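Hi,

Here is the structure I said I would pass on. Have a look at it first, and my notes follow below.

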Amino acid sequence: MKLTADMSAVVTGGASGLGLATARRLIERGVSVVIADLSEERGNAALDELGPKARFVKADVCDTDQMNAVYDAAEALAPLRALVHCAGLGGPLRVVEKDGSPGSLEKYESIVRINLIGTFNALRLGAARMAKNEMIDGERGAAC
Ligand SMILES: NC(=O)c1ccc[n+]([C@@H]2O[C@H](COP(=O)([O-])OP(=O)(O)OC[C@H]3O[C@@H](n4cnc5c(N)ncnc54)[C@H](O)[C@@H]3O)[C@@H](O)[C@H]2O)c1
């Protein structure tokens with residue numbers, strides 16, 4: 001899609017890694033960016049780097065009210081036309097721990113929740129907002 005200075009984007013997990021790199025690129029193209037991330041410390045550090053076109057909203061991608069606050073913040077800057085969903089958790093997870101005990105179900109549930117439920121939640125709420133946008137060059141927005 002065309003990236004322009006009169007649009008906003010939401011980047012989840014934007015305080016670190018893939019999300020922060022994405023936020024940098026969007027801002028280089030003039031897009032206003034709202035970073036949604038759990039980490040306030042990294043979110044504020046990212047803002048210092050990204051400058052005045054960026055906002056940070058502390059949010060859990062699994063939480064509907066918090067994600068709606070993120071999209072409200074983006075729409076207050078400019079029409080929301082892009083969502084890049086990078087929030088997630090990786091890392092190793094053992095079925096059997098080294099001491100012979102069963103792997104952690106809580107850890108597994110937390111990873112599934114963030115990576116699956118959070119992805120659907122962030123995408124459904126963002127896409128529903130963008131579906132109301134005026135069509136420009138055949139597009140209302142993009143979510144990935
Ligand atoms: N970096 C890679 O090469 C790579 C490759 C394949 C997949 N991934 C996956 O992509 C995702 C992002 O990777 P990364 O390297 O940028 O990781 P990262 O840890 O650097 O960044 C992830 C960000 O997501 C945030 N986050 C975690 N849970 C959240 C939640 N519930 N709500 C809001 N924010 C939350 C974290 O605070 C962090 O800032 C991860 O799921 C990772 O497993 C990364």
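**What I found**

Strand β1 (residues 8-12) pairs with β2 in the parallel sense, over five bridges. Together, β1, α1 and β2 form a right-handed β-α-β unit. Bear in mind that this is a predicted model.

On to the next strand: β2 also runs parallel to β3 (residues 54-58), and five bridges join them. Here Asp37 has Lys58 as its bridge partner in β3.

For the chain as a whole, 35% of the 144 residues count as buried.

Then there's the ligand. It is surrounded by 24 residues, with Gly13, Ser16, Gly17, Gly88 and Gly90 the closest. The elements giving two or more residues to that shell are α1 (17-28), β2 (32-37) and α4 (105-130). By class, the shell has 11 nonpolar, 10 polar and three charged residues.

Zooming out, the chain has four helices and five strands, running β-α-β-α-β-α-β-α-β from the N terminus. Its C-alpha atoms fill a box of roughly 55 × 30 × 25 Å along the principal axes.

Cheers

Terms used
Residues are numbered from 1 along each chain as its sequence is written. This is a predicted model: local features need pLDDT of at least 70, side-chain atom pairs count only at pLDDT 80 or more; totals for chains, interfaces and linings use all residues. A residue is near a molecule or strand if its C-beta atom, placed from the backbone, lies within 6 Å of it. Ala, Val, Leu, Ile, Met, Phe, Trp, Tyr, Cys and Pro count as nonpolar, Asp, Glu, Lys and Arg as charged, and the others, Gly among them, as polar. A residue is buried if 20 or more other C-beta atoms lie within 10 Å of its own, exposed if 12 or fewer, and partly exposed in between; C-beta atoms are placed from the backbone. Two strands pair if DSSP finds at least two bridges between them. A crossover is right-handed if, with the strands pointing away from the viewer, the path from the first strand over the helix to the second runs clockwise.
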